[in-house]
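Trainee: I'd like to learn how to read a fold by eye. Can you walk me through one?

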Amino acid sequence: MSRSVRTRPGDSGQALSEAYDTALLDLDGVVYAGGEAIVHAVDSLATAREGGMHLAYVTNNALRTPDTVAAHLTELGIPTDAGDVITSAQAVARLISEQVPQGARVLVIGGEGLRVALGERGLVPVESADDDPVAVAQGYGGPDFPWGRFGEASYAIARGVPWFASNTDLTIPSGRGIAPGNGAAVEVVRIATGAEPQVAGKPLPPMHRETILRTGAERPLVVGDRLDTDIEGAFNGGVDSLLVLTGVTDGAQLLAAPPQHRPTYVDADLRGMLTGQPEVTAADSTGGFRCGGWTAAADGGALVLDGDGAALDGLRALCAAAWTAAGDGVCALDGAKALARLGL
């Protein structure tokens, strides 16, 4: 599918919660961090829901079951049904079920969320490579996951058993900082076997397909904090996205984003769902861009910023200048001084 290259953030005259029927929300870094709700998240989601927007929670973390995730969100003050939680465990279970017989044994290298998802697809989770599995399913197993489990995966894969991974996120947020994610664990098995897994999670199509099948969304808006999973997943699915700056992505990464990592909209937090989005316009014949009271342009090897106003408007103008200069590549212009002026 060919897509035009986005060279500036989009605008909306309507609140995003009115322009789209369903929000497909990432969890870590968007709704909560370290298990605690991110500031403004609870109230913003309540307002969007009361206005008629369907809220669905889409996570690459395959450790917890939808029931557990829904209970956690409800405890935070975000009433949620398990059916509104979509995990990469569900996506990889569907992917496996389409390639192996009903009732087949699957070696589980992961946690309860993966076991439950496989069971829902009529597959039988097993624990050892000696249990004659027809597939290996690997998902995040938590910080205390036993090292020997990677050996079980390697033994089965070496015998020719196909290997599936829920996702390949190298890192995962925790209450103490950034920790190794399932992608790091996948690398361990890849090094041991030389094999390559079939991957289901964001940003790949199986996860988007699972999400649409389960939500029935017709005009979805992906809301996330990661360029390489949430925003790229929206790009691959051909849907719009909102990047919130409450998670892992900073201003410099956003300015350097290649086309598949450029969000439709940018905002500080989930309050951005409840408002329209300002237009970014060409400022003049010199190639600058204006948003609010700010004008941004490329000048030699740097991005420059003039004006005053809301920092987010300055960031949006800088995105337009950087993405236009980069075209279908990565912007190499230095934006450090401009971002520092915005406090970003």
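This is a predicted model: local features need pLDDT of at least 70, side-chain atom pairs count only at pLDDT 80 or more; totals for chains, interfaces and linings use all residues.

Trainee: OK, how many bridges join strand 17 to strand 18?

Mentor: Three bridges join strand 17 (residues 289-291) to strand 18 (residues 294-299), and the two strands run antiparallel. To see one of the pairs up close, find Cys-291: its bridge partner in strand 18 is Trp-294.

Trainee: What order do the strands of that open sheet have?

Mentor: The order is 16-17-18-19, four strands with antiparallel pairing. Strand 16 (281-282) and strand 19 (302-307) are at the edges; each has a single partner strand, so one side of each has no neighbour in the sheet.

Trainee: And which strands does helix 11 lie across?

Mentor: Helix 11 (residues 311-326) lies across strand 17, strand 18 and strand 19, and runs at about 30° to strand 18.

Trainee: Now helix pairs. At what angle do the axes of helix 4 and helix 5 cross?

Mentor: For a pair like this, look at the distance and the angle between the axes. Helix 4 (residues 88-97) and helix 5 (residues 112-120) have axes that come within 8 Å and cross at roughly 40°. That makes helix 4 oblique to helix 5, since angles under 35 degrees would count as roughly parallel. The crossing of helix 4 past helix 5 is right-handed.

Trainee: Which residues make the contact?

Mentor: From helix 4 you have Ala-89, Gln-90, Val-92, Ala-93 and Ile-96, and from helix 5 Gly-113, Leu-114, Ala-117, Leu-118 and Glu-120. By type, the residues of this contact are seven nonpolar, two polar and one charged.

Trainee: Which residues of helix 8 are buried?

Mentor: In helix 8 (residues 205-215), the buried ones are Pro-206, Met-207, His-208, Glu-210, Thr-211 and Thr-215. Then ask what they pack against: here the partners include helix 4, strand 4 (54-59) and helix 9 (227-237).

Trainee: Last one: is Asp-267 buried or exposed?

Mentor: Compare its relative accessible area with the cut-off: buried means under 20%. Asp-267 has 10%, so Asp-267 is buried. You'll find Asp-267 in strand 15 (residues 265-267). Leaving aside neighbours within four places in sequence, Asp-267 is in contact with residues including Leu-242, Val-244, Thr-275, Gln-277, Leu-312 and Arg-316.

Technical notes:
Residues are numbered from 1 along each chain as its sequence is written. Side-chain values use heavy atoms; hydrogens and water are left out. Buried means under 20% relative accessible area, exposed over 50%, partly exposed in between (1.4 Å probe, protein chains only). Contact means heavy atoms within 4.5 Å. Axes are lines fitted to C-alpha atoms, for helices over the stretch in contact, and angles run from 0 to 180 degrees between N-to-C directions. Angles under 35 degrees count as roughly parallel, over 145 as roughly antiparallel, 65 to 115 as roughly perpendicular and the rest as oblique. A crossing is left-handed if the near helix is turned anticlockwise from the far one by less than a right angle, and right-handed if clockwise. Ala, Val, Leu, Ile, Met, Phe, Trp, Tyr, Cys and Pro count as nonpolar, Asp, Glu, Lys and Arg as charged, and the others, Gly among them, as polar. Two strands pair if DSSP finds at least two bridges between them.
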